[in-house]
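Good morning, and thank you for coming. Please take a moment to look at the sequence and the structure.

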Amino acid sequence: MNTNSNLYIFIYSSVMVIIVAAALSFTAITLQPLQEKNIEIEKQQNILASVNIEATTENAQELYKKFITNSYVVNSKGEKLEGKIAFNSNLAQEVAKAHADRDLPIYKCTKEEKEYFIIPIRGKGLWGPLWGYIALEADLNTIYGAVFDHKGETPGLGSEINQEAFQKPFKGKTLFNAEGKFVSITVHKGGKGAAAAAGDLEHGVDAISGGTITSKGLEAMISDCLAPYETFLKTQKN
Amino acid sequence: MGKNNKLFTNPINIENPVTVQILGICAALAITVQLKAAVVMSLSVLFVLAFANVIISLLRNTIPSRIRIIVQLVVIASLVIIVDQVLKAYVYSVSKQLSVFVGLIITNCIIMGRLEAFALGNKPIPALIDGIGNASGYGLILIIVAFFRELLGSGTLWGFPVVPKAFYNFGYADNGLMILPPMALITVGVIIWVQRANVKELIEEK
């Protein structure tokens, strides 16, 4: 048989593509439930990490049940929405909506008899999405912990946002200023000590050198995602 | 049988894809920070190379030569996607660590090279042995490099601390440089040196 005729090549490649497509779809569909479970566990690990609880893949579900005592969804007026589950809310869809229309998930953590409120955030970096969790202390103003992660920021530059060195300084920063106005967190350019140099120790952290667009994206993400919670935070506080 | 034996042992030593043919260096630098990642990577390459070699060898008489590279690429890519999916399902944390490098097995020159040079012209059983041999040669180097990098860079092996506390008390410190890619290159260089100095077949005449 002439294996170099055009017809043969066409048939050969078509058959090959169909077989390969079938094999790959089969693999993807059979493994999907396991993969989704892994993603769920990772989400629980991240939520726990924002309140400084280290969880392994094995004990994440157990610790999550123990520490995350409540979770609910509120709207921008601070009213609880019944029948919605915080864990299932799709943040990528929510952040695309206007502030007033968003469903706002909140996780409540009880650790060592103190309460913390954990808010998930999501935004854009330089190459792709950024996301993370911000844990607030019971005063709903002071940040207790923050974790961030990214899909594909530049390794060594923007990707540093998922490192402890960047995340640690968020602890103790406040979201509201002395007059009670929502000011969010500012990321200061200029390397280490930039926030201190700008005299903004209460609401400012240092940006990552060489990762300006990622840092700015992160700043925008925090302010954009926390702003709709303003009413909720204020009403809960009083 | 002797011939088949050689197919397995040659790539481990005198035809080693990494140290002698200098192929697949990029992955060897990137994922040898920790032993566990290196082992998973080696097993992934072993799986892909062994199966790709057998599949291409079985198809060798039917593949139109004009599109043979495309056919090879499709076979490799499908196997790599399967590996990636399996890793995501069963060892999620390792798969996150390997991130793009599992996908980049597709571009690993060793695999393309073996398919083109060996599988297209040989029967399935020798092709299988050749695939396992080459992947083992590659994996062996990866694991050796990862062993030293993890031991000296982080003081751990497979994630467990092995350097005794007393050492640190005497002022021993982990060498952060070992974690960075340049030290992987130097480690590979040292392995090549040791190998070339000791293996008769590789000693060049003066």
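Which residue is the bridge partner of Val73(A) in S2(A)? The partner is Leu81(A). This is a predicted model, in which local features need pLDDT of at least 70 and side-chain atom pairs count only at pLDDT 80 or more, while totals for chains, interfaces and linings use all residues. Residues are numbered from 1 along each chain as its sequence is written, and chains are lettered from A and ligands numbered from 1 in the order in which they are written.

Let me begin with the strands of chain A. Strands (E, at least two residues) and helices (H or I, at least four) are DSSP runs, numbered from the N terminus. Strand S1(A), residues 68-74, is joined to S2(A), residues 80-81, by 2 bridges in an antiparallel arrangement; strands pair if DSSP finds at least two bridges between them. The two form a hairpin with 5 residues between them, and Gly78(A) in the turn has a positive phi of about 85°. S1(A) also pairs with S3(A), residues 104-111, in the antiparallel sense over 6 bridges. There, Ile68(A) stands opposite Cys109(A).

I turn now to the interface. In chain B, 16 residues are in contact with 17 residues of chain A, where contact requires C-beta atoms, placed from the backbone, within 7 Å. Helices H4(B), 68-90, and H5(B), 92-98, each supply at least two residues of the side of chain B that touches chain A. H4(B) gives the most, with 9 residues.

Notes
Contact = placed C-beta atoms within 7 Å.
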